[in-house]
Amino acid sequence: MSVATLLTPATSAEPDGRRAGLVARADERSYVRVLVVLDTTILIIALLIGYVARFGEGEPTGSEIPYVLVAPGLVLAWLISLKALGCYDDRVIGYGADEYRRVSSASLRLAGAIAIIGYIADVGVSRGFLGISFAVGTVGLEVARFAARKRLHRARSVGAGWSRKVLVVGDTAHVLELVHTLRREPYAGYQVVGACIPDALLAPVAQRLGDVPVVGSFRGIPEAATAIGADTVAVTASGELTATRLRRLGWQLEGTGVDLVVAPALTDVAGPRIHTRPVAGLPLIHVEAPEFRGVRKLVKGLVDRSVSSLALAVLLPLIAFIALAIKLDSRGPVLFRQVRVGRGGQEFGVFKFRTMVVNADALLAELTARNETDGLMFKMRHDPRVTRVGRLLRKWSLDELPQLVNVLLGQMSLVGPRPPLPSEVARYDGDVARRLLVKPGMTGLWQVSGRSDLSWEDGIRLDLYYVENWSLTADLTILWKTFGAVVNGRGAY
């Protein structure tokens, strides 16, 4: 695509950028105030629980310091600790795991400091009261942050809620790529409000890059950010943005309240694999190779088999009920066994509850023209081959429960890429084939991000991201999100 087709004249006047910026900053301060109120409420409740659990309804004896003074002081110290560790920093709240880590760290550090001071000063405050209060308070703070974040994400998904206003700077192709990446996850809170492009591409008339207004060139980035109310300048790749110009841009933005972020050309690599190492004054980014074997893999396999065996024992009555319902609903076997491709290209039989009529494969040729997805998969929202019980099982993902047997046998994992068909694998190119470096999973990023509502390209991107950046912590997060995806039923058909 040529530059001429990317750049189009603007068809309408842009809104008052400065006013929009003021509104965004007011929304941000409002959200932070809500967090402070939530945190304070949680801490008060935690201290009350700690007091009642330790002393009941009676008065504590043997204490030199009245608890009516201890409690407010502890709440204030806790809030100060949260503030000191950046738990209200707009760069971490609302997205990512860093907010939760900082909340836990602030609570644990304060608990450690109080324990040390109490031991040295021999303060007569009950250790049981402190222990219960800190345990309840830390968990409560995390839950409250999670609830506040979910509400913020819902607002951001519909174009409301507090978001950072971003001015994207770079070549046209890289600007469009970064805009697409940021819009792919609107709940992250980065709203692109304008773009600055190289001077040679700037026209005397108003322009748009896609649907993003072009508000200036590289010569006037700070002025453009101020004009549209941007609070973040995101710099992407461009031959004209040399290290010297980028350093000067940082100086120009000092004291303006506008953050400068640099989007590297390296994408879809998670933070734990990235380490910045200054060498000769240059911040070199070191990217660790993905881990496909070792102790963490052994632990993952142990967890998979332990959890699957426990789940099979607990869910046995439900499994028996589903089997009876399938048998009474339609003719055919209860279980459906289909050949799929696992790690290293090895084929295995995946188990699922039968949700279609017995001649479903024979009917597929008649329905191929009605495929509702792109790529190599066949998906149809109202597939006539699905039985009545099958629709309910698919809606709640109960048809996949027998795959716990595959996990127990070591053929699958609880979390991983979607297990592909041999016909799909036969048409894989070199990049997509990397999905086969790990075991397929019962759930994964594809399932918790929309399932069948996603395009083939987005599904592959999520699977490859997991392959490159998997971790035990990420697995736990995906398992947690799976419950929400199942309850919502999004993309399940």
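A: A crossing is called left-handed if the near helix is turned anticlockwise from the far one by less than a right angle, and right-handed if clockwise. Helices here are DSSP runs of H or I with at least four residues, strands are E runs of at least two, and both are numbered from the N terminus. This is a predicted model, in which local features need pLDDT of at least 70, side-chain atom pairs count only at pLDDT 80 or more, and totals for chains, interfaces and linings use all residues. Residues are numbered from 1 along each chain as its sequence is written, and side-chain values use heavy atoms, with hydrogens and water left out.

Now to the pair itself. Helix α3 (residues 67-84) passes α4 in a right-handed crossing. The axes of α3 and α4 (residues 98-121) come within 9 Å and cross at roughly 130°; axes are lines fitted to C-alpha atoms, for helices over the stretch in contact, and angles run from 0 to 180 degrees between N-to-C directions. That angle makes α3 oblique to α4, since angles under 35 degrees count as roughly parallel, over 145 as roughly antiparallel, 65 to 115 as roughly perpendicular and the rest as oblique.

Which residues make the contact (heavy atoms within 4.5 Å)? From α3 come Leu-74, Ala-77, Trp-78, Ser-81 and Leu-82, and α4 supplies Val-103, Ala-106, Ser-107, Leu-110 and Ile-114. By class, this contact has eight nonpolar, two polar and no charged residues. Ala, Val, Leu, Ile, Met, Phe, Trp, Tyr, Cys and Pro count as nonpolar, Asp, Glu, Lys and Arg as charged, and the others, Gly among them, as polar.

Technical notes:
Contact means heavy atoms within 4.5 Å.
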